[in-house]
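Here is a friendly walk through a two-chain model. Please keep the structure open beside the text as you read.

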Amino acid sequence: MIVHRLFSLLGLCGLLSVAPVHAQARTLRAVASFTVLADVVAHVGGTHVTVTSLVPPDGDPHEFEPSPDDARQLRQADIVFMSGEGLESWFGRLAHAASYHGQPVIVSSAIQAYTPPGAQQAETDPHVWNSVPNVVIWTNTIRDALIAADPEDADSFRASASAYVTQLQALDQDIRSRISAIPADRRRVLTSHDAFGYYGRAYGVTFMAPQGLSTETEASAGNVATLIRQIHQTGITTYFMENATDPRLVQQVARATGAQPGGELYAEALSPPGGPAPDYITMMRHNTDLMVAAMRPR
Amino acid sequence: MSLLSDLWDPFASFGFMRRALVASITLGMGAGPVGVMLQLRRMSLIGDAMSHAILPGAAVGFLLAGGLSLTAMGLGGIVAGLGVALLAGLVSRRTHLAEDASFASFYLTSLALGVLIVSARGSNIDLLHVLFGTILAIDGPALYLMGGITTLSLCLLSIIWRPLVMECVDPGFMRMTGSRGGVYHMVFLFLVVINLVAGFEALGTLMSVGMMMVPAATARLWTRRLLPMMALSAGVGMAAGLTGLLVSYHFSLAAGPSIILTCSILYVVSLLASPTGLRAGRGASSWQGS
């Protein structure tokens with residue numbers, strides 16, 4: 001037992017002695033607001049950055065009750081990433097409570113926000129990551145922010161960012177070719193809330209949902225009725241649940257229209273490791289697989 | 001013609017509207033009379049306390065069942081609500097603490113426990129959100145549950161009617177004749193709890209108290225006799241359910257709040273119009289009067 005411990009201790013020493021070879025590289029402590037963003041930051045940061053996500057896996061990023069531990073994470077962070085566009089409405093309160101005075105990096109600020117035609121007020125759709133080209137923009141923003149925070153590891157950040165962008169471009173191509181194999185009039189999907197606007201616009205799929213852009217709103221009978229009428233007209237046969245959203249309303253719509261469950265989409269939260277969507281790229285592939293299976297003519 | 005079809009069409013064309021209507025009628029029928037009784041016993045705010053007390057039970061049910069299980073959450077809610085009611089009743093009968101004071105301490109304990117459980121688990125489908133309920137998402141099993149609860153509560157209420165009213169009016173008489181007023185009181189609190197559990201699936205825990213108390217207060221403004229008051233209270237709840245759903249349908253407003261606000265409008269109108277309302281001035285509507 002003691003010998004065992006000694007060995008692991010030696011191993012630890014070994015690790016510690018290897019680390020300083022990279023010109024005293026320190027590990028940046030990064031905090032990301034939610035899991036999808038944390039995954040992208042981890043890919044760009046590589047071994048030089050440890051990332052924690054405030055909202056846990058399968059958690060809803062619109063509504064989040066931060067714990068004191070989250071406040072501590074935020075205070076100790078060297079750099080903070082959030083998506084912006086009104087997604088993390090709870091962040092201001094948390095930053096105030098944690099007396100965090102830094103300036104978080106808003107990764108979506110370089111992305112042209114999209115306001116859906118039916119949206120009330122000046123609501124923009126915050127779910128930018130469901131279109132892969134937007135995440136390429138994220139990657140570049142994150143790379144620049146990390147380089148600014150830790151210039152010594154700039155080369156490493158550039159290399160891993162460009163490797164990740166290559167993977168993202170392959171993913172983007174893949175989704176495009178798979179969706180384009182579906183006849184245009186069948187590219188319609190029913191989900192529980194409007195989280196796939198960017199996906200729809202990038203890849204040419206129409207999404208319908210009983211709940212609006214945010215999960216914080218309560219549905220009205222009029223909207224649900226309109227949705228059921230639309231589905232009767234367009235003939236959707238499959239509906240999807242989302243991992244972080246109340247499924248009861250979309251199930252009600254499905255009952256009224258005879259649509260069958262198509263599985264669980266990961267719209268705005270990754271699954272825990274070992275689940276069907278533990279990282280961003282797997283998440284996009286998982287969602288595309290399910291949707292393509294549902295839209296395929298039968 | 002078009003007005004008539006505006007009233008009729010939503011329910012004729014959409015199953016979810018029919019289910020929501022049946023749900024609100026059922027809820028109104030069960031909760032209205034219980035609300036009148038609560039009011040008569042000067043326990044109007046106990047309903048509010050109980051709705052908070054139910055939270056941890058529903059949360060534990062949610063976690064144990066690993067999802068939105070109506071049975072598990074309902075059972076959990078009943079257990080937690082009854083636990084609080086029993087403890088509060090026991091303490092107020094054994095000590096000199098008033099019942100509302102012990103209720104307050106137990107329901108706050110229960111509520112804090114609930115919030116603790118919810119946040120310890122993280123937020124896989126925000127549980128509080130679930131507890132806010134969506135009347136538009138009512139399905140068959142939920143309707144059966146509500147129907148069963150309403151039937152049970154109307155039956156129980158008619159069985160314990162006489163001793164319950166007696167105990168409200170003159171608790172000393174009950175004690176003197178050796179009747180066990182405490183038992184009836186507990187049965188009544190059980191009714192409050194199950195009606196709130198029936199309501200939380202449809203309207204959420206907070207809104208279901210609205211369906212219980214606002215119609216009762218409205219009915220009180222129009223009559224002093226108990227049975228008509230209960231019937232009127234149930235009627236107000238049901239009418240508000242119908243109107244609220246139609247408003248939500250035609251004006252695209254959230255359904256739950258539309259129903260409760262319709263109750264509130266009826267209440268305000270009654271306040272202004274009824275003979276015992278604001279027109280009558282102070283003191284005219286006390287229970288002991290004449």
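Chain B has 12 helices and 0 strands, where helices (H or I, at least four residues) and strands (E, at least two) are DSSP runs numbered from the N terminus. Read from the N terminus on, its elements go α-α-α-α-α-α-α-α-α-α-α-α. This is a predicted model, in which local features need pLDDT of at least 70, side-chain atom pairs count only at pLDDT 80 or more, and totals for chains, interfaces and linings use all residues. Residues are numbered from 1 along each chain as its sequence is written, while chains are lettered from A and ligands numbered from 1 in the order in which they are written.

Chain A, for its part, contains 10 helices and 8 strands. The table sets the two chains side by side. A residue is buried if 20 or more other C-beta atoms lie within 10 Å of its own, exposed if 12 or fewer, and partly exposed in between, with C-beta atoms placed from the backbone. Two residues are in contact if their C-beta atoms, placed in that way, lie within 7 Å.

Let us look at one residue of chain B. B:Val247 sits in helix H11 (residues 226-251) of chain B. Why does B:Val247 count as buried? Because 20 other C-beta atoms lie within 10 Å of B:Val247. Leaving aside neighbours within four places in sequence, B:Val247 is in contact with B:Leu253, B:Ser258 and B:Thr262. B:Gly235 is 12 residues from B:Val247 in sequence, and their C-alpha atoms are 18 Å apart in space.

Now to chain A, which is divided into domain 1 (26-172) and domain 2 (183-295); these bounds come from an automatic or database domain assignment. The C-alpha centres of the two domains of chain A are 24 Å apart. Across the boundary, 28 residues of domain 1 of chain A are in contact with 25 residues of domain 2 of chain A. On the domain 1 side, the elements giving two or more residues are helix H2 (35-45), helix H5 (132-149) and helix H6 (154-180) of chain A.

Chain A also holds an open sheet of 4 strands in the order E2-E1-E3-E4, with parallel pairing; strands pair if DSSP finds at least two bridges between them. Strand E2 (49-53) and strand E4 (105-106) of chain A each have a single partner strand, so one side of each is left without a neighbour in the sheet. Strand E1 (residues 28-32) of chain A and E2(A) pair in the parallel sense over 5 bridges, and A:Arg29 has A:Thr50 as its bridge partner in E2(A). H5(A) packs on this sheet, touching E1, E2, strand E3 (79-82) and E4 of chain A.

Finally, the largest nonpolar core has 163 residues; such a core is a set of buried Ala, Val, Leu, Ile, Met, Phe, Trp, Tyr and Cys residues joined through C-beta atoms within 7 Å. Among the members that touch the most others are A:Val41, A:Val253 and B:Leu136. Helix H10 (residues 181-220) of chain B gives the largest share of this core, 22 residues. At least three residues come from each of domain 1 and domain 2 of chain A. Apart from neighbours within four places in sequence, A:Val253 is in contact with A:Leu190, A:Pro210, A:Val224, A:Leu227, A:Ile228 and A:Tyr239.

Technical notes. Axes fitted to C-alpha atoms, helices over the stretch in contact; angles between N-to-C directions.
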